[in-house]
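Subject: Structure handover

Hi,

Here is the structure I said I would pass on. Please open it alongside this email.

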2 protein chains.
Amino acid sequence: MFDPSPIIAGDRRALARLLTHIENTDAEAAEALRWLFPHTGRAHLIGITGAPGCGKSTLVNALTPALRQAGSTVAILAVDPSSPFTGGALLGDRLRMRDLAGDPGVFIRSTASRGAAGGLARTTADMATAFDAAGYDKILIETVGAGQAEVDIASTAHTVLVIESPGLGDDVQAIKAGILEIADLLAVNKADQPYAENTVRALRASVDMMPANVAWKPPIIQTVATLGQGIAELVQAVEQHLAYLVSSGEGQRRERERLRHELSTRLQDLLLDKLVTRLGDGNFEAAVERILARQWDPLTAAKHLASET
Amino acid sequence: MFDPSPIIAGDRRALARLLTHIENTDAEAAEALRWLFPHTGRAHLIGITGAPGCGKSTLVNALTPALRQAGSTVAILAVDPSSPFTGGALLGDRLRMRDLAGDPGVFIRSTASRGAAGGLARTTADMATAFDAAGYDKILIETVGAGQAEVDIASTAHTVLVIESPGLGDDVQAIKAGILEIADLLAVNKADQPYAENTVRALRASVDMMPANVAWKPPIIQTVATLGQGIAELVQAVEQHLAYLVSSGEGQRRERERLRHELSTRLQDLLLDKLVTRLGDGNFEAAVERILARQWDPLTAAKHLASET
């Protein structure tokens, strides 16, 4: 049986082993997370997202030592929903290891597990729990995203940082409208490039259109991550948002919503498992075949099976 | 009560009304979909995805008349997970309406509903069912995507077309690895631009590395959507993939998997609703508060509540 107690004491190897158990969604992971949970609730979860090419990894690499200097320990969770086996996350991981390795206050992990709908969201949430229990002050959850991934991290994180890069065309303009609904902080990276001013102006105009009674409007920070420009301002904005979360009660509200969502999804999984066990796989598959033959519609089939409880 | 029968007869207004009911996830939608379901199972569902700026909308606009000429009716469902209220999808909609309007064999709808996890996936699946029942031969499900959205459409569609544009940096290279796992067809759009050859070569190298016993390897089609170049080849590739799906049994396998997933998620929703109703909202919220206070971990709480059934 896996012993999670060294994780609380700061044992990095034990933490790494737990993260692997979490990726495998095995019984050890569930038991360890159950044991660790009372030790959580202190970390500041920061979701970081942006379209491919915005310089997200470089920005996270620049942000990390700045957060360390400000006194925080940092865990980085690079979520790559695009590939379970290969490529980006692992490559980025290795490059970062080189830059940030040797600092015991930094832990980097990438994950790319996929599979069932919600599988990645579950893995991400569980890994955040593990880092929280291990005592990391800031947990940076980084996703490649334009779309659902952003929405998912928004429901996991306390603070969401959206990174834009100077104008990539009309699609990007369109996305911005949606981004304002999830962004707590906006960074325009590559701010030394042409069109950066246009992007800042467009974002500024959108932020200015938010209703006057909105308690927090996302600040827009211009960064050049490769040169370290704007990073100090970004750290300051992160801390200001944390102070806002605490003082307004919004942090507690988000935490409650996050845990309510987690309880709901775990209940759904358990209830379906229990039902299928009771029905037997054969009866479940027989219902699938009837739907395939268009003899039943999915909702009617679901109601019928659910009434067996 | 909403009468769905005119939809089968080709009534566009009735179809449009149903799509609105589906967006509202109301009782009329559920009842109509139940009634329509036996009339489905004939359409070819084609998921189309690509990063912002790849020219996805332009390509879909060029592909549609070509599919019409080849004898198919076409429904376009533009899914915009980034914004529930504003921007891209609706703007694109209006531009398209201008180009494609007046052809009774084309129906265009955009949706941007969001909310609960899986809400958009459910809306997309239900709208596809509605188009299928209305008799559209090809249903193009278009998402902005790099990440989970792509995975979701892959589980909804029979054929997945991934659009790339010439090299946007290292992040794009990284994404490609994952894309091969979901793409049935690859289009390199803006093929007249610099670096297009590099992108084609990188994709070709990845496809060539697929195991020899893989039955279908995604063809790579070079397009310039603004000039209509490569569109005929793309239509041909779409039809070849459909023929492969039918002859290999893979189409039936995907359809079964899709319906199994839909049955599972509907069951999960029903079972959770039933349980919360039985427990009472107060007991559910009391469990959330105990988790928030770190007295219970989410899994233990879920097991406890599930044992009440």
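Predicted model: local features only at pLDDT ≥ 70, side-chain atom pairs only at ≥ 80, totals over all residues.

Strand 5 of chain B

This strand covers residues 159–164. It is mostly covered, with six of its six residues buried. Thr159(B), Leu161(B) and Ile163(B) point one way. Val160(B), Val162(B) and Glu164(B) point the other way.

Which strands pair with strand 5 of chain B? One is strand 1 of chain B, residues 44–50. That pairing is parallel and runs over five bridges. Within it, Ile48(B) stands opposite Leu161(B). Another is strand 6 of chain B, residues 185–188. Here too the sense is parallel, over four bridges. Look for Ile163(B) opposite Ala187(B).

Strand 2 of chain A

Now go to residues 74–79 of chain A. Strand 2 of chain A is also mostly covered: six of its six residues are buried. Both of its faces are covered. Val74(A), Ile76(A) and Ala78(A) lie on one side. Ala75(A), Leu77(A) and Val79(A) lie on the other.

How many bridges join strand 2 of chain A to strand 3 of chain A? There are six, and the two strands run parallel. Strand 3 of chain A spans residues 106–111.

Best wishes

Note on methods:
Residues numbered from 1 in each chain as written. Chains lettered and ligands numbered in written order. Buried ≥ 20, exposed ≤ 12 C-beta atoms within 10 Å, placed from the backbone. Pairing = 2+ DSSP bridges.
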